[in-house]
Amino acid sequence: MAILIIAEHDNSTLKGATLNAVAAACQIDADLDLLVAGAECQAVAEQASKVMGVSKVLLADHSAYEHQLAENLCELVVELSRNYSHVIAPATSNGKNVLPRVAALLDVAQISDITSVESEDTFQRPIYAGNAIATVQSQDPIKVLTVRGAAFDAAVAEGGAAEIVAIATVCNDELSSFVGEEVAVSDRPELTAAKVVISGGRGMGNGENFSLLEKVADKLGAAVGASRAAVDAGFVPNDMQVGQTGKIVAPELYIAVGISGAIQHLAGMKDSKVIVAINKDEEAPIFQVADYGLVADLFEAVPELEAKL
Amino acid sequence: MRESMEFDVVIVGAGPAGLSTACRLMQQANDAGQELSVCVVEKGSEVGAHILSGAVVEPRALNELFPDWKEMGAPLKTEVTEDRIYLLKDDQKSSKIPNFLVPKTMHNHGNYIASVGNLCRWLAEQAEQLGVEVFPGFPASYIIYGDDGQVAGIGTGDMGLDEEGNQKDTYMPGMDLLAKYTVFTEGCRGHLGKELIAKYQLNAGKDAQHYGIGIKELWDIDPAKHEPGLVLHGTGWPLSFKESEGGASGGFFLYHAEDNQVVVGLITDLNYDNPHLSPFDEFQRMKHHPLIADTLTGGKRVSYGARAITKGGYNALPKMSMPGALLLGCDAGTLNFSKIKGTHTAMKSGMVAAETLFEVLKISNEGGQNLTAYGDNFKDSWVYEELYTSRNFGPALHKYGTVIGSALNYIDQNIVSLPFTIHDNYPDYNQLKSANAYSPIDYQKPDGVLSFDKPSSVFLSNTNHEESQPCHLQLSDYSIPLGKNLIMFDEPAQRYCPAGVYEVIEGEKGSKQFQINSQNCLHCKTCDIKDPTQNITWVTPEGGGGPNYPNM
Amino acid sequence: MKVLVTVKRVIDYNVKVRVKSDHSDVDLGNVKMALNPFCEIAVEEAVRLKEAGSAAEVVVVSVGRKACQEQVRTALALGADRGIHIETEASPESLNVAKLLAKVVEHEQPDLIITGKQAIDSDNNQTGQMLAALLNLPQGTFASELKLTDGTVNVTREVDGGLQTVALKLPAIVTTDLRLNEPRYASLPNIMKAKRKPLEVKTPADLGVETKTHTKLVKVTPPAERQGGITVSSVDELVEKLKYDAKVI
């Protein structure tokens, strides 16, 4: 049986999270169908057809799907999923919104946020905010899964030539309707949603010096965070704190500057894909978790980093 | 105007003393068919969250309070099977003290290795079933006095204030809990108990109170090494007792509890005089001694915590009654240091209190009386006898050192009671000598296997405080930490605090700053006790803050 | 208008979980349990609707062991009017919870159902959506703002990269995100009053629901410890590594 993957897109571009979901699906089965449901989203279907590993692109192009409303999308997916062994979506806000609804209508469980494929019915997923990893086996005929992107290397976006099949089914029950949307306009992303986070610790010396980090953040489109020590020292406000009682972040890239790496802080960022530490104390515990460590005076290294990005 | 509620009895602190008072009060009221309103306020997020004790529990008081506690499922499950006492000679050697030389107070036959936190959780369930209102997450932050100078209740703390004391959106004012009688059972160095002792001069004519800091960890160990019921105590290394290194005394414990777990801890007496000493680091290095390391190796640390203990005993025990109130358990100082046990005596002090209070409440509905009858009732109880006969134990150790002191204790406890009383009247806080008098102690870096640093330890205590709130560690004089303590004692708060709350940070251009990381606080109260100028006052933070100890 | 709120008893967010040495699950023995933070936000929102005059009654429901009545009481102390506890063994799967809740909804006929977006123990983020599916009701997940108008609720949702607002026909299901509100503290008098508010206990059999096992928990392990990487000697080398090896910038 084949796998149905729900594509993440904005009606013009296929989003990267789809590629991670495809990669996860490839570990289960080779026969992958990618559903592009949207409005005037032909361009997305074309991009989807080029993704390596995809056998077929199902294109459901109708205004009912324009805003990915869960009620309409769910009905469509349920109707399609009878022919599949697995239904997979990236664990994005759309995927998380629609897929449990699909699972309930299929009378099967959903396994959320998988980080590893053990076999076609057994998966690993983080529980307790990543403080434990559960291995879960599905006993349902159809496995419904959401995929944590950072856990799977993206599938190759170019080179494939999958057939595009139009789906005529229109599900529009008008239970809900789109009112509006507001794309985050802030120059810097939210700490918990950012792809790149640069954080400062007590080594920053004072609050004004955080401007050094902001300049780097501007170049990388990063959010700026802080360790508890920096918050406690009054350098920056509470809401910038990463760690124990602050926020848990898991960006693609985490840059820790002048942070020693107290366990509270490590607990808040250890799920980041790549960790960089810049600290003048080579004994700092942060280096034990960093992928790339630079022993240097941050007041020299950070401006240099900014200049070279 | 703050809202208020009225109760017959308000009890401050859901520990063994407070909960025993509550249970015994309601037992009597229910037996007599009398209406009685009893409420217990507790600063921890739940009952047991702030309880930390060894512990080997003597069940004497529990036998009296709930004779069928076993059938009722009280969490005392591991009976002591074997006692061993060691003298650690250095970081490698130790010698076991022959049983016949051990003071009989240190024999634990018939006692139980238990989590006092879990015992309190169980006692709170019993109390609630008996009709007591138990309110965790509500600290008693101040005392309400009546017009005649009597205690008339307590006020709970405000919630939702920011650092500067301004009201946040979530602001909720505290409440006045008015009571005919208020029972203070806050545990060692309760901040209200401290105020009562001063206001009513409860310690007049008594020796200075003495304290220790107990630091404890819970470990999962290799099942092959686990001997449920085995109790190890000892003294000696690493707390040096050579005059040239400063006179720190204390002792360790290692108990094999249930489920392949052991508890290990070190009590450091807070009368030490070397300001470089760090009880936390002493404990961490102690675990490398083969006697302890052999048990822990291959295991995993599960939990960490610290709490001061009141150990002055009989000679320092303040008067426990005052108009409208009683001061009980470790809040007063009922721990029997010769047994290193305080749970049974605290419980009994509460049960006697409940009996005294019920007698008074039966006769008069007025409240606010001076409960002097408590003194007599307490004197007639076995707690008094225990404390009186062991009155020399602590002072002998303090005054004559571990070796001679132990010998005197052996004679006093086993052979013939000494016909005199040894006094030790020097408060712990003014024992520190100048930092120049000793060289700093070279504590090894923790290895991350047996020994750990403070942040990773505090992490395991599950401690937390709402970030934005007034600092609950108050300085009377902001100039003292850097202006005096740093110069004279290299600011000992950096070392005596087992949670890394106090730090002296070097800023740009060598400038120094004293920082209080109050979020880390374990509520152990050591700073309030040991600060050489008594400049730090511990007050209650927002309700629910502090550690969340499981099974401690 | 009647509002139904669901609550779950979970480990307190301050407590560090520990995996049992036999890897069967995490160790919850004697640890502090609490109301799931997202459920607390759900209760707060419902109580605010009541205080604003939009809701007449707030009913709170929990599924699980007897101990979760404590969390129902907490919700009652925060302002809910009455409680329902569906007593089951251990922690049931999301789909089973949704089926039980669906029966409660059929019986209670609320106009609005508010659930937390996820529980901080299982981190599933499923029950609200599943409940919506079973009842064929519209859903507004990850809500950061609710606005009630005649017969509809406008829900502003926190989505990747911004906010989306949808209009849902009532009755509808809303799941809460962190920024929806900041829950109040329960006051002492309200905690005392909560003890006397009605709490009805039901079993799955009472509701006519037969629960089914859909998944098997094979094992629970601690997360892999992160290993240290390499030390770079200069900013140039760092930038190069990030560009060409890690490919993150």
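A crossing of two helices is termed left-handed if the near helix is turned anticlockwise from the far one by less than a right angle, and right-handed if clockwise. The model is predicted, so that local features need pLDDT of at least 70 and side-chain atom pairs count only at pLDDT 80 or more, while totals for chains, interfaces and linings use all residues. Residues are numbered from 1 along each chain as its sequence is written, chains are lettered from A in the order in which they are written, and side-chain values use heavy atoms, without hydrogens and water.

Helices (H or I, at least four residues) and strands (E, at least two) are DSSP runs, numbered from the N terminus. Within chain A, the axes of α5 (residues 210-220) and α8 (residues 298-308) come within 9 Å and cross at roughly 20 degrees; axes are lines fitted to C-alpha atoms, for helices over the stretch in contact, with angles running from 0 to 180 degrees between N-to-C directions. The two helices are therefore roughly parallel (under 35 degrees; over 145 is roughly antiparallel, 65 to 115 roughly perpendicular and the rest oblique). The crossing of α5(A) and α8(A) is left-handed. On the α5(A) side the contact (heavy atoms within 4.5 Å) involves A:L212, A:L213, A:K215, A:V216 and A:K219, and on the α8(A) side A:F299, A:V302, A:P303, A:L305, A:E306 and A:A307.

Residues A:K96, A:N97, A:P100, A:R101, A:A103, A:A104 and A:L105 meet C:Q129, C:M130, C:A132, C:A133 and C:L134.

In chain B, 14 of the 17 residues of α1(B) are buried, so this helix is largely enclosed by the rest of the structure; buried means under 20% relative accessible area, exposed over 50% and partly exposed in between (1.4 Å probe, protein chains only). Just after α1(B), B:G33 takes a positive phi of about 65 degrees. Helix α11 (residues 382-389) of chain B contains B:E386, which counts as buried because its relative accessibility is 8%. Leaving aside residues up to four places away in sequence, B:E386 touches B:E58, B:R60, B:N336, B:K339, B:H344 and B:T345.

Chain C has seven helices and 13 strands. Along the principal axes, its C-alpha atoms fill a box of roughly 65 × 45 × 40 Å. Of the 249 residues in chain C, 56% are buried.
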